[in-house]
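Please read the short report below alongside the sequence and the 3D view. It goes from the whole chain to single residues.

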Amino acid sequence: MTTPTRNTVAALLSDIAAAPDAHTLFAETSARLRRIAPFDAAVWVATDPVNGLTTAPVRVENLHEGGCGTYWESEFFAENVNLFRDLARAAVPVAGLRAVTGGRPGRSPLYRNFMRPRGFDDELRAVFRIDGRPWGQLSLFRERGRAEFAAADLALVESLSTPIAQRLRSFAQPAADQQPVPEDASDAPGMLLFDSEGALVSINDEARDLLARLPPGPATPTPLGIDLPLPVWILSTAGRARLTGTSARIRIRSGSGRWLVCHASCLRDANGRPGMTAMVIEPATPSEVAALVLAAYELTRRELDVVEQIARGLPTAEIAEKLHLSPHTVRDHVKAIFDKVGVTSRGELVAKLFTEFQLPAAERRTIRVEAD
């Protein structure tokens, strides 16, 4: 590692705070970080802050096609080490594979099945989190022959965890000049069906249409001939459901800024054995993105309750009665909400949140006619 100067770190943090979007954030941070703490390959990922699952965007550096599923599914093997979901709750959200395993990286299935065949000998893994929520994650790889990631490397990346998470969180908030962009998509959900090995076997037209609206990112060809490469966040969500035998859900923004929800469920046969995995992709309802509103603006659950009552036009006294709070407590909540969302009135608050989270859903269900 090249010892970073105070000015070098300050410039890195300044670039993080000024990044206009997540793609630029990942690209510029990676380029600067590579000069300070060299690495040979990297995977930068944004995650759903509610459950930590992979969402868009994803930036993959110097990793060729093949083995994608091995990397993405490694998180779900119980015997793995350095799991992202564990790092998200750890006191320090950064760890090196060789350091954690005492120089025995072969304990990790990711090392055996993905890293070693590609000549990688160590991985630095990090979660970008703020206020206890994971907004992204990172894998840095070093090839065989390089020194393992040192304590100084881990400390540097740890210092970036909160600033990067903070910037990723800001992208979940609507821009001040953002206007709703109508989409002429039907309300019918997209449906995908995966076999017991995780291969896509069936897809409807609505799913193709919605997938075409997703942000660009790494994709893997379908092995059974369906002419549609699947984004890694779709594969990881379906893989989570298949490998755990439960359900998995992520929220993701389309290219025009609309929120979509992807929900995967493991299907079982008559004897209860897991088999195929079904995925539904559809425009998110306001309730689906409520948790993202809470996370994006750092609102507490109670503050979100107050927002919902304000949106209904209730005055302070009625909100207090409905939520079993004192009027003074409601006023305190309203002040805190205004500060977090960056507004100065109830009307401005409702307009800002309605434009981002309510109007798109309403637009899809609005019929416009020319009447005589």
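**Basis**

This is a predicted model, in which local features need pLDDT of at least 70, side-chain atom pairs count only at pLDDT 80 or more, and totals for chains, interfaces and linings use all residues. Residues are numbered from 1 along each chain as its sequence is written, and side-chain values use heavy atoms, with hydrogens and water left out.

**Overall make-up**

The chain has 14 helices and 12 strands. These are DSSP runs, numbered from the N terminus: helices are H or I with at least four residues, strands are E with at least two. Of the 372 residues, 47% are buried. Buried means under 20% relative accessible area, exposed means over 50%, and partly exposed lies in between (1.4 Å probe, protein chains only).

Among contacts with a separation of 6 or more, 59% join residues 24 or more positions apart. A contact means heavy atoms within 4.5 Å. The chain exposes about 17400 Å², and carbon and sulfur atoms supply 52% of that area. Accessible areas come from the Shrake-Rupley method with a 1.4 Å probe; for residues, only the protein chains shown count as cover.

Helix α13 covers residues 327–341. Its 15 residues reach 21 Å from first C-alpha to last, close to the 21 Å expected at 1.5 Å a residue. The expected span is 1.5 Å times one less than the number of residues. Its buried residues are Val 330, His 333, Val 334, Ile 337, Phe 338 and Val 341. They cover an arc of only 135° around the axis, so they sit on the same side of α13. The arc is that of the directions from the helix axis to the C-beta atoms. The face turned away from the buried side carries exposed His 328, Lys 335 and Asp 339. Gly 342 follows α13, with a positive phi near 80°.

Which residues of helix α12 are buried? They are Thr 316, Ile 319, Ala 320 and Leu 323, in a helix of residues 316–323. These buried residues fall within an arc of 100° seen down the axis, so they line one face of α12. Ala 317 and Glu 321 are exposed on the other side of α12. An α-helix has 3.6 residues a turn, so residues three or four places apart point the same way.

**Aromatic pairs**

The structure holds 4 aromatic pairs. Rings of Phe, Tyr and Trp (its six-membered ring) pair if their centres lie within 6.5 Å; planes under 30 degrees apart count as stacked, over 60 as edge-to-face and the rest as tilted. Two of these pairs are tabulated.

| Pair | Centre to centre | Angle between planes | Class |
|---|---|---|---|
| Phe 26 and Trp 44 | 5.7 Å | 35° | tilted |
| Phe 114 and Phe 141 | 5.9 Å | 50° | tilted |

Phe 26 lies in helix α2 (residues 22–36) and Trp 44 in strand β1 (residues 41–47), so the pair links parts of the chain 18 residues apart. Phe 26 is buried at 1% relative accessible area, and Trp 44 is buried at 0%. Together with Phe 128, these two form one aromatic cluster.

Phe 114 is in helix α6 (residues 109–115) and Phe 141 in strand β5 (residues 133–143), so this pair ties together parts 27 residues apart in sequence. Both Phe 114 and Phe 141 are buried.

The charged end of Arg 125 sits over the ring of Phe 84, 4.0 Å from its centre. The criterion is NZ of Lys or CZ of Arg within 6 Å of the ring centre and within 35 degrees of the ring normal.

**Two buried residues**

Asp 121 lies in strand β4 (residues 120–130). Its relative accessible area is 14%, so Asp 121 is buried. Beyond its neighbours within four places in sequence, Asp 121 contacts Arg 98, Tyr 111, Met 115, Arg 142, Glu 143 and Arg 144.

Thr 29 is in helix α2 and is buried at 2% relative accessible area. Not counting residues up to four places away, Thr 29 touches Leu 12, Ile 16, Thr 24, Trp 44 and Ile 164. The C-alpha atoms of Thr 29 and Ile 16 are separated by 6.8 Å.

**Backbone details**

Most residues other than glycine have a negative phi, and most peptide bonds are trans. Ala 56 and Pro 57 are joined by a cis peptide bond, with omega about 0°. Pro 57 lies in strand β2 (residues 54–61).

Glu 298 has a positive phi near 60°. It is in the loop between α10 (290–296) and α11 (301–311), and is partly exposed at 38%. His 324 also has a positive phi, near 60°. His 324 lies in the loop between α12 and α13 and is exposed, at 73% relative accessibility.
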